[in-house]
Amino acid sequence: MGSGPKILSQWHKLLQNNNDNPTIIDIKHLSYAIKKEEILKDINLEVKQKDFLVIIGPNGGGKSTLLKLILGIYPSKSGTISIHYADATNKLDIIGYVPQNTNINLNFPIKVIEVVMMGFASKKTFFGYAKEDLDLANKLLEQVGMQKYAHQKIGSLSGGQRQRVMIARALFAHPKILILDEPTSSIDVEGQAKIYDLLQELNKEITIIVVSHDLSVILNYATKVAHINKKLSFHDMSSFESSFDTQKEHICEVELLEMLGKIK
Amino acid sequence: MIEALSYEFIQNALIAGILVSFISGIIGSLIVANRMVFLVGGVAHAAYGGIGLALFTGIPLFLGTSLFAVLAALFMAYITIKERDKTDIFIGLIWAVGMAIGIILVDLTPGYNVDLMSYLFGSILAVDHEDLYFMAALFVLILFVLAFWYKDILAVSYDSEYAAIRGINVKLFFTIILILSALSVVVAIKVVGLILVIALLTIPIYIAQYLCSTLYSMMFVSGFVATLFTLVGLWLSYTYDLTSGACIILVAALSLLFFMLWQKRS
Ligand SMILES: Nc1ncnc2c1ncn2[C@@H]1O[C@H](COP(=O)(O)OP(=O)(O)OP(=O)(O)O)[C@@H](O)[C@H]1O
Ligand SMILES: [Mg+2]
């Protein structure tokens, strides 16, 4: 009979664990097709609050599509996507997003700092911006190394510089979940490391979901990896640890997943 | 020249010219930034149906054109939201069908032959007080909408996908932009004519684009540049007894040419 309290305490521990790291996004049996062409098939994915989830997969595998379904940019027709966050009135309010394509509207008359503050304000003002918003925007631009460009037109920046600005924009709205679609694909090595370190720091409090083809991102930052090619396969990085030789640079994602025992 | 200012119709023309120039500068900036020039061109032509309707039924001209232009704008907003890839086809459709309806209705109106020229080039010297009130009201409405929702409109215009994620009602603001554009087109047609509408909505903005890095400065500079064109055009028209709308167009086009040459050199 001595096992009673033990079971109880284990159960208690489990509960605590769950309270510590509750599920924030729960996707069940999600499928998606465009014009009868099946793009995603029966996706099941549970993301915990403190996850740093890296999504990998071939071009056209459906990574961006999955993110846009989560964001509600595409309507989900079959399956469910639930977002659980205690005080979220509108579930999208808690999500920050960096799109894959940052080359939209390059002729548009808008300054970098306005892009960062776009769509979110700490309080309502006429025409101008509140001081705390300007301060935060400047701080974020500094964190992504773009403070010098705050008052330039967005279209005058390079591709990598624009990606940095979009990352600052995603952070501006105080998101609880940050979804980034290949956010550093045109950013130089030094800048990438800086940005991922920043994301890791943020990950102490918020959930990070990032699409990346970069192996070092997976090895250094991910707590979970999902491989998407129409279907989803999944790996928890906690059992993987850093026993892996990072110097061997030419290993591709698929090999990695083979090693993880997820693909035959 | 100075004694001309004592005539009431000249005063009205000047006030109308300035109001319409600023309206065009502000709304034109939005139209160009949203890449809707062709769409608004369609709405402007469709508004001719409203002129036919007004003559045929005897309702005031402003009411008829506003009705047609706003309906065309709502229809285009619906199409753009629902069937984005088909917008071009429907712009062509409202463009032609609106004009055809207008022409048939004018044909059917007994005894009255509308002056197509005044529709194309406007009749700024025939502006009356009622027209001025309508323009002033529209100007105030536009300023009001911008004062309250400038940032939302900016977000929707620059990146509607991200704006939606931030909880901004993209469809609503897109429709508001189109309705304001339609009403602006209506006042501009009355004053400076259909052809000049398109010119006024684009030429000053094209110049301002090079000088400004924010939307609101572009609105202001475009309005100022448009006012300059209108005043110089009106002065030429009065001095040499030429059609006012055509004078304003030529002043604007020549200025654009010089601006581009100056741009090339510097
Ligand atoms: N608007 C569309 N119309 C038709 N097919 C589309 C559309 N958008 C995406 N697809 C298809 O959906 C599939 C998945 O596209 P998606 O952009 O999600 O891939 P991805 O994994 O993000 O690829 P990449 O690594 O190139 O970014 C592709 O086969 C693509 O052809
Ligand atoms: Mg993609």
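S21(B) counts as buried because its relative accessibility is 0%. The scale used throughout is relative accessible area, found with a 1.4 Å probe on protein chains only: under 20% is buried, over 50% is exposed, and partly exposed lies in between.

The model is predicted: local features need pLDDT of at least 70 and side-chain atom pairs count only at pLDDT 80 or more, while totals for chains, interfaces and linings use all residues. Residues are numbered from 1 along each chain as its sequence is written, chains are lettered from A and ligands numbered from 1 in the order in which they are written, and side-chain values use heavy atoms, with hydrogens and water left out.

**Two helices of chain B**

Next, select helix 9 (residues 194-211) and helix 10 (residues 215-240) of chain B. These helices pack at an angle of about 125 degrees, and their axes are 8 Å apart. Helix 9 of chain B is therefore oblique to helix 10 of chain B. Each axis is a line fitted to C-alpha atoms over the stretch in contact, and angles run from 0 to 180 degrees between N-to-C directions. Angles under 35 degrees count as roughly parallel, over 145 as roughly antiparallel, 65 to 115 as roughly perpendicular, and the rest as oblique.

To display the contact, show L200(B), I203(B), P204(B), I205(B), I207(B), A208(B), Q209(B) and L211(B) from helix 9 of chain B, together with M218(B), V221(B), S222(B), V225(B), A226(B) and F229(B) from helix 10 of chain B. Of the residues in this contact, 12 are nonpolar, 2 are polar and none is charged. In this grouping Ala, Val, Leu, Ile, Met, Phe, Trp, Tyr, Cys and Pro are nonpolar, Asp, Glu, Lys and Arg are charged, and the others, Gly among them, are polar.

**A loop residue in each chain**

Now select R35(B), in the loop between helix 1 and helix 2 (37-57) of chain B. Its phi is near 50 degrees, a positive value in a residue other than glycine. R35(B) is exposed, with a relative accessible area of 64%.

Then move to K35(A), in the loop between strand 1 (23-34) and strand 2 (37-48) of chain A. The phi of K35(A) is near 50 degrees, again positive in a residue other than glycine. K35(A) is exposed at 77% relative accessible area.

**Chain A and its magnesium ion**

Colour chain A by secondary structure to find 8 helices and 9 strands. Of its 264 residues, 46% are buried.

Select the magnesium ion (ligand 2): its protein donors are S64(A), through OG, and Q100(A), through OE1, at 1.9 to 2.2 Å. Donors are N, O and S atoms within 2.8 Å of the metal (3.2 Å for Na, K and Ca), and sites may look incomplete because water is not among the atoms. S64(A) sits in helix 2 (residues 63-71) of chain A, and Q100(A) in the loop between strand 5 (95-98) and helix 3 (112-117) of chain A, so that the pair links parts of the chain 36 residues apart. S64(A) is partly exposed at 22%, and Q100(A) is partly exposed at 38%.

**Last stop**

Finish at I83(A), in strand 4 (residues 78-83) of chain A. I83(A) is buried, with a relative accessible area of 15%.

Terms used:
Helix = DSSP H or I, 4+ residues; strand = E, 2+ residues; numbered from the N terminus. Contact = heavy atoms within 4.5 Å.
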